[in-house]
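Welcome, and please load the model in your viewer. We will go from one selection to the next, with a short note at each stop.

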Amino acid sequence: MKIGLALSGGGARGISHLGVIQALEEMGIQFSIISGTSAGAIVGSLYSYGYRPKEILEIIQHVSVFKSIRPAWLLTGVLSLDGLRDVLLSKMPENNFNKLKIPLFIAATDLKKGVIKYFDNGELVLPVMASSCVPAVFAPININGEVYVDGGVLDNLPVKPIRDHCDFLIGVSCNPISADFDVKNIRAVIERSLLMAVNTNTLNSKTKCNLLIESAGLHKISGFEIGKAQDIFEIGYEYTKKNFSLQDFVLKSA
């Protein structure tokens, strides 16, 4: 049976994907194809390349977020993802989809055309950067003359490109919304608003998954709290171990 894995965006919360994958691996789950948006694109690319979940966690923990983003001073965004590019190139020097051990689709939003684009061949790192490019925060990414921003704007759980390529599809979303929201500052309000927006565009995608994993406890984590990487990893791991077993990943007969 071919098992697909779709990984959502979610900033630092996306680190929980690594915990989920670690738990699934321990159950004996192997993936035939993967898709990802934003944080899910970063995790998906490194995992598809061959890094294990805990190795990716170490990469995140030892690469300061301040080294991965740089001032851009552009009208289109205040920060540059050049630092992220350098990290990804150092870890995946071949920089090509055809060097991945597991087929991968990366979702990014074509800003001019207003449509979603799924990358699955050619240069790898630029599409990952484009998929992670939060509008107004990071300068948009130019790929072959087209301008791209975060895939989460239109598809934060990219099941569409891989649904027909697998028998069983696991969706992993890291953006649960809790009712105990505290309006403490403008950043919290903006993040909450974005969270609701991306959750809306995942509603249809979630229905196309055979199984959805959305770890409880992530609602307490900001998408900016990368310093809590180990805790976020553990949330995904413990939730998956506690709530799922190998029997859950079997197609049910009609």
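Before the first selection, a term: rings of Phe, Tyr and Trp (its six-membered ring) pair if their centres lie within 6.5 Å, with planes under 30 degrees apart counted as stacked, over 60 as edge-to-face and the rest as tilted. By that rule the structure holds seven aromatic pairs.

This is a predicted model, so local features need pLDDT of at least 70 and side-chain atom pairs count only at pLDDT 80 or more, while totals for chains, interfaces and linings use all residues. Residues are numbered from 1 along each chain as its sequence is written, and side-chain values use heavy atoms, with hydrogens and water left out.

**Stop 1: the aromatic rings**

Select Y239 and F244. Their rings form an edge-to-face pair, 6.3 Å centre to centre with 65° between the planes. Which of the accessibility classes do they fall in? Buried means under 20% relative accessible area, exposed over 50%, and partly exposed in between (1.4 Å probe, protein chains only). Y239 is partly exposed because its relative accessibility is 23%, and F244 is buried because its value is 16%.

**Stop 2: the whole chain**

Zoom out and switch to cartoon. The protein chain has nine helices and eleven strands; helices (H or I, at least four residues) and strands (E, at least two) are DSSP runs, numbered from the N terminus. Of the 254 residues in the chain, 52% are buried. Contact means heavy atoms within 4.5 Å. Among contacts between residues at least 6 apart in sequence, 74% join residues at least 24 apart.

**Stop 3**

Select α1 (residues 16–27) and α9 (residues 229–243): their axes come within 6 Å and cross at roughly 35°. Axes are lines fitted to C-alpha atoms, for helices over the stretch in contact, and angles run from 0 to 180 degrees between N-to-C directions. On the α1 side, the contact includes L18, V20 and L24, and on the α9 side I232, F233 and Y237 are among the residues involved. In total, the contact residues divide into eight nonpolar, five polar and two charged. Here Ala, Val, Leu, Ile, Met, Phe, Trp, Tyr, Cys and Pro count as nonpolar, Asp, Glu, Lys and Arg as charged, and the others, Gly among them, as polar.

**Stop 4: the cores**

A nonpolar core is a set of buried Ala, Val, Leu, Ile, Met, Phe, Trp, Tyr and Cys residues joined through side-chain atoms within 4.5 Å. The largest one has 59 residues, and L5, L24, I29, F31, I34, I170 and F249 have the most contacts inside it. Helix α1 gives this core its largest share, six residues. Centre on F31: leaving aside neighbours within four places in sequence, F31 is in contact with I3, L5, I21, L24, Y47, I102 and I170.

**Stop 5: a lysine and a serine**

Select K206 in helix α8 (residues 203–207). Buried or exposed? K206 is buried, because its relative accessible area is 18%. Not counting residues up to four places away in sequence, K206 touches L157, S173, N199, L212 and E214.

Finish on S80 in strand β4 (residues 77–80), which counts as buried at 10% relative accessibility. S80 and V137 are 57 residues apart in sequence and 8.5 Å apart in space, C-alpha to C-alpha.
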